[in-house]
Amino acid sequence: MRFSFMHKEGGAHPNEQKGSTDTKPIVEASVPKMMIYPMSMHIGAPAEPIVEVGDQVKVGQMIAKEGGFVSAHVYSSVSGIVTAIESRLQAGGSEVESIIIKNDYMYTKAHPIITPGHSSEMSNKEIIDTIRKAGIVGMGGATFPAAIKLAPPEEKKLDTVILNGAECEPYSTSDHRVMLEYTNEVINGIDIVSSLYPDLKNIYLAIEDNKKDVKKAMEDATSGNEKVTVQELKAMYPQGSEKNLINSLTGREIQAGELPADVHVVLLNVSSARAVYHACELGEPLIERVIFVSGSPVKNPQNLKVRIGTPVESVIEDCEGFSAIPGKILSGGPMMGKAINDLSVPVSKGMTAVSVLTRKQAQIEEPKDCIMCAECLHVCPVSLQPILISEAFERGDIEKAEKLGAMDCIECGNCSFICPSNIPLLDNIRGAKAAIQAKQEG
């Protein structure tokens with residue numbers, strides 16, 4: 001899969017391929033008859049079903065509880081009957097336990113998870129408990145449970161909150177539209193998060209310089225708040241990665257093995273901030289998200305507000321189907337997206353997009369020997385040596401790959417896309433990371 005690049009030190013700029021999708025308003029997606037809820041829509045332990053086949057459920061009813069400290073609750077986005085609890089395919093090819101619900105189209109609502117309208121009166125503990133109860137995870141794709149991320153140990157003394165609106169993936173426009181159309185909800189979510197930190201000094205709203213309309217909307221919404229800075233950043237991939245963003249905005253560097261909290265910073269994705277508002281102010285769990293559906297084979301690309309659990313085939317139908325046979329369909333953008341091999345795969349909490357590539361874009365070229373051009377080193381945003389990690393993995397030297405920092409890879413894909421020899425660097429590094437993790441676990 002190849003896209004043309006403008007090279008930049010520590011990053012790159014692939015053709016954005018956004019077309020006019022960033023000007024298209026968010027549209028409510030259709031809701032199909034059968035909905036699928038995977039128990040693993042987050043990093044950590046799978047959720048555990050608390051319903052049984054034959055149970056009647058309501059919109060916003062918990063159907064699975066978190067399976068451990070690092071886990072997340074799952075809620076139904078429709079009312080209807082549980083018809084099955086079984087393994088189903090998800091993006092990337094793995095099968096996970098899933099709850100299948102037949103939509104009755106009555107949309108009977110469950111009680112709110114908290115009494116609405118009192119977020120300004122909530123204690124820090126109540127805010128964190130509500131975020132956990134709502135099942136909110138990182139909705140930019142990372143899917144780490146938000147309640148854990150937002151409540152680091154007290155000694156970390158967070159002084160900076162960053163709203164991550166740097167939407168640098170090709171095709172990506174859903175964050176753009178969320179910031180533009182739900183500006184106040186996003187800002188209110190960030191305000192709720194910011195209230196957690198007594199040492200707070202700065203709130204950055206990070207936006208790339210190709211989103212002038214968003215910049216104005218955010219500046220208008222935050223005028224008068226001296227702690228808030230709406231910060232424009234150069235449009236560069238992967239500008240939105242945690243380490244890049246923190247360094248660009250604060251000058252602080254996250255060392256290997258550190259987290260943002262170690263440099264007194266917390267980041268939150270645009271959609272995650274909106275979800276915090278919906279949970280703490282409206283009493284609504286996470287049951288929907290905005291995604292974009294785009295790519296040359298898509299007849300009518302759209303930004304869609306989709307109920308979690310909706311099969312991908314339904315959102316494709318909302319976009320009038322395909323005008324040409326697709327070469328590859330991805331959950332996410334073309335740089336970091338995971339393959340969707342079956343259109344029955346559901347929209348999950350961390351699915352930011354459905355990207356449809358042409359056969360030419362999806363074509364995998366035969367790899368050649370490394371020509372030692374060092375381009376992969378130049379574009380790596382975390383200063384790794386991708387070719388050396390890749391070679392260590394291919395030799396089976398997992399210890400060497402670990403020493404070279406494989407676990408620090410953010411899987412942005414720059415190295416693979418820039419490589420003139422078509423070496424599958426990202427695939428090899430992902431393989432190395434999996435092998436290292438397996439070794440550590442057992």
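Colleague: What joins strand E11 to E14, and why is that called pairing?

Modeller: Five bridges join E11 (residues 160-165) to E14, and the two run parallel. Strands (DSSP runs of E, at least two residues, numbered from the N terminus) pair if DSSP finds at least two bridges between them. With five bridges, E11 and E14 therefore count as a pair. At one position Asn164 stands opposite Asn269 in E14. This is a predicted model, where local features need pLDDT of at least 70, side-chain atom pairs count only at pLDDT 80 or more, and totals for chains, interfaces and linings use all residues. Residues are numbered from 1 along each chain as its sequence is written, and side-chain values use heavy atoms, with hydrogens and water left out.

Colleague: How do you know whether one face of E14 or both are covered?

Modeller: Val265, Leu267 and Asn269 are buried on one side, and Val266 and Leu268 are buried on the other, which leaves both faces covered. In a regular strand, side chains alternate between the two faces of the sheet.

Colleague: What makes E5 and E8 edge strands?

Modeller: They belong to an open sheet of three strands in the order E5-E7-E8, with antiparallel pairing. E5 (48-49) and E8 (74-75) each pair on one side only.

Colleague: How many bridges join E5 to E7?

Modeller: Two, with E5 running antiparallel to E7 (residues 62-65). The bridge partner of Glu48 in E7 is Lys65.

Methods:
Buried means under 20% relative accessible area, exposed over 50%, partly exposed in between (1.4 Å probe, protein chains only). Helices (H or I, at least four residues) and strands (E, at least two) are DSSP runs, numbered from the N terminus.
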